[in-house]
2 protein chains.
Amino acid sequence: MLEADLILEHAAELATPVGPAPRRGQAFGELVRITDASVGIAGEKLLFVGPSQDLGTKVRLKSGGRRMDVSGKTLLPGFVDPHTHLPFAGSRASEFKMRLAGKTYEEIAHSGGGILSTVEAVRAADLPELGRAAWTRLDRMMEWGTTTCEAKSGYGLSLESELKQLRVIRELSDSHPVEIVPTFLGAHAIPKEHRARRSEYIREVVEEMIPRVAAERLAEFCDVFCESVAFTVAEAERILEAGKRHGLKPRLHADQISSGGGAELAARLGAASADHLEFISGPGIEAMARAGVTAVLVPGASFFLRSEHRPPARRLVEAGVAVALATDLNPGTCPTEAMPPILVLACLTLGMSIEEAITAATLNAAHSLGRSEVIGSLEAGKQADIQVLDIPEAAHLVYHFGVNHVESVIKKGVVVYERTRLDAMLP
Amino acid sequence: MLEADLILEHAAELATPVGPAPRRGQAFGELVRITDASVGIAGEKLLFVGPSQDLGTKVRLKSGGRRMDVSGKTLLPGFVDPHTHLPFAGSRASEFKMRLAGKTYEEIAHSGGGILSTVEAVRAADLPELGRAAWTRLDRMMEWGTTTCEAKSGYGLSLESELKQLRVIRELSDSHPVEIVPTFLGAHAIPKEHRARRSEYIREVVEEMIPRVAAERLAEFCDVFCESVAFTVAEAERILEAGKRHGLKPRLHADQISSGGGAELAARLGAASADHLEFISGPGIEAMARAGVTAVLVPGASFFLRSEHRPPARRLVEAGVAVALATDLNPGTCPTEAMPPILVLACLTLGMSIEEAITAATLNAAHSLGRSEVIGSLEAGKQADIQVLDIPEAAHLVYHFGVNHVESVIKKGVVVYERTRLDAMLP
């Protein structure tokens, strides 16, 4: 008989992909759906996941343990958001208003918009200020069911400011319930002061930033914005190879604005992921499938930018590429913390099925962060990261769109968020 | 000196259209934005709305009154949602899944989907069951800033079941903080049992339902689904004229699937609104502008149906038609209660500006419900229906999309909803 600290009983449905990970050429694991499901948790881990009728024969509650009745609710793995630019300062609402009014990219850049405006704001902010803003964002993520996220630097673009962003991420990681996977993105843009000497900035990234970030263990991944307006394939390769030598695993922003060989580079490097992919080429898709690179799609950005070009989710799935979904949380092109609207956009604008979207936002996202053995699915032995949703079946997460169904969130076996019921608040 | 029961002080921004109402040929009133704004409320009404520096010279707090510090927040009028099918039963998630999987309209209808499946569920539900489901929806509306909504019958399609829906609306209206404007939509579809005898059903609507609904004062408006797959222009005219004779003001579902003269009919009848308008004709736009009919657009439905055809918001605005925005809350084509995502879709998929979207979701929506003298804007003398948003300026409501910024809601001068702060809940 197993002893549980926490038991969730009689969920209307439990839906989970089954892992450990998508294999090469297999885009999605089967999404398992169990009706009248229960879950037993001991410490940080799942002890039992299955039909309620099997719970009693396998698990008993420790004295002092908690039993939660989740009848009528749906259980899902906590969302894993594998692409965020979490620690930023400032707002780019005025840039957004200009875009709605039909201003061009050049007009916006001319008026001081774009990535570099956020770089100025981040450089000017001190560490506590950056931390407070990011903390509020993590709270919102948690309220919407996210239990793990990736977080990138990339708005510092100088040794000191990049380290400042990564230190904010580490402090938050130590204190906030949402688990954070840190990524160094020094190669996000060429900073103003290096405009005329881009090779000098790349040298600084390779020879100064990467060794320092690695030495202080401030990141697990190294990312590059590989794009016509940012870093060339050759520059990205040099930076990501340097990262690899220092133990930082590669991932990259690829083929977002043009088809530039980013996906092919990701495959060549054995990157954990290639992200965006609005303009990925046919050979790029094949190369990613062969190399087992996860495609991290960010439909919120295409939507927010009112772009006609959307990542070819169906072609990726059909080619056997594992597809993950992310918010791309950032102040310029997708200022949202919430994963559910991203799943809705994946289904309605990219043609993904609800099952595919759920797997993409959990197990496949965890896989792209190298954590699919631990998180991303509800299976005995894995970490107990669970969202309890006030819906009768998982499909309502997309069907009943636009509102928040999260009722509580469990991270590493602890109930870290419980929504106050509105009906308890009314007179 | 005016005496207030409730004072909201030092909002970062207060944004409101100024009305009483859009005039013919004037699509949008100016959206007024006041920084460091305060509001004084006495009883159900706004006493003072203006710069904080003017508050003290004009208003003082009654003893026992409440003072709320809203510094850093934004104040907007509560949303007015002018098109919902609130009292329904059942789910159409399986129909949605079929659509995502590429099934055709015929295949879905064949498998029992469509309006008539909801009619079956509503007929089978008793009044308390319908009431509980709708109550939960009203709670969600309120959580997302809506303080007034329209609610239609139309899933009964028999005298008894239509009355049941309208009675649910009346009961909710008497008990829930969200104010409800009732609409009779007996002519939503031809019920199965009248398939072969449609004129008999129309006779029943005209001769039995409308007189009874009017006698029991169960509706203010009469609506018809004027469309190739529903009721012809001639049928709609007959029904809406009958409604008018009994004091029910006309509004209608027009030009949703095809350009069928619905907008022109709305203009001819002097309807309060014509709703949907995805396929409105050029002459239809001109007729609506001349007649002062409000266009109620429902971008959530086009989005949810993955339709390429979107209502021509810009052409309507440019022609001088007052444009309002609504959720179209219903289980088949737009199952959401929340207005903010509708404003986001209006800006990103219809090309409306943030200012236009806010006016459309407040004053113009109130106008379409005949209530623009009372609600829809924050002006002294009007009803105190206010949402307090945790954003530094109104633009963030659209810019910072996908999450809920509502911190509290005031209806008729009473704080009816206050969000529990997450940071107060963490250990």
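User: How many helices and strands are there in chain A?

Analyst: Helices (H or I, at least four residues) and strands (E, at least two) are DSSP runs, numbered from the N terminus. Chain A has 16 helices and 16 strands. Its radius of gyration is 21 Å, close to the 22 Å of the globule rule for 427 residues, so chain A is as compact as a globular protein of that length. The radius is taken over C-alpha atoms, and the rule is 2.2 Å times the number of residues to the power 0.38. Along the principal axes, the C-alpha atoms of chain A fill a box of roughly 70 × 50 × 45 Å.

User: What kind of model is this, and how are residues and chains labelled?

Analyst: This is a predicted model: local features need pLDDT of at least 70, side-chain atom pairs count only at pLDDT 80 or more, and totals for chains, interfaces and linings use all residues. Residues are numbered from 1 along each chain as its sequence is written, chains are lettered from A and ligands numbered from 1 in the order written, and side-chain values use heavy atoms, leaving out hydrogens and water.

User: What percentage of the residues of chain A count as buried?

Analyst: Buried means under 20% relative accessible area, exposed over 50%, partly exposed in between (1.4 Å probe, protein chains only). Of the 427 residues of chain A, 63% count as buried.

User: Which domains is chain A divided into?

Analyst: Domain bounds come from an automatic or database domain assignment. Domain 1 of chain A covers 2-77 + 377-425, and domain 2 covers 79-338. Their C-alpha centres lie 31 Å apart. Contact means heavy atoms within 4.5 Å. Domain 1 of chain A gives 20 residues to the contact and domain 2 of chain A gives 18.

User: What share of the contacts in chain A comes from residues 24 or more positions apart?

Analyst: Take the contacts in chain A with a separation of 6 or more. Residues 24 or more positions apart account for 73% of them.

User: Now chain B. Is helix 9 mostly covered or uncovered?

Analyst: Helix 9 (residues 262-269) of chain B is mostly covered, with six of its eight residues buried. Those are B:G262, B:A263, B:L265, B:A266, B:A267 and B:L269. The cover includes strand 9 (221-226), helix 8 (233-245), strand 10 (249-254), strand 11 and helix 10 (282-291) of chain B. Just after helix 9, B:G270 takes a positive phi of about 65°.

User: Where does B:H276 sit, and what is its phi?

Analyst: B:H276 is in strand 11 (residues 273-276) of chain B. Its phi is positive, about 90°, although B:H276 is not a glycine. B:H276 counts as buried, at 1% relative accessibility.

User: And B:K412: where does it lie?

Analyst: B:K412 lies in the loop between strand 15 (406-411) and strand 16 (414-418) of chain B. Phi of B:K412 is near 50°, positive in a residue other than glycine. At 32% relative accessibility, B:K412 counts as partly exposed.

User: Is B:E227 buried or exposed?

Analyst: B:E227 is buried, with a relative accessible area of 5%. The residue belongs to the loop between strand 9 and helix 8 of chain B.

User: Which residues is B:E227 in contact with?

Analyst: Leave aside its neighbours within four places in sequence. B:E227 is then in contact with B:D255, B:Q256, B:I257 and B:S258. The C-alpha atoms of B:E227 and B:A254 are separated by 6.6 Å, with the two residues 27 apart along the chain.
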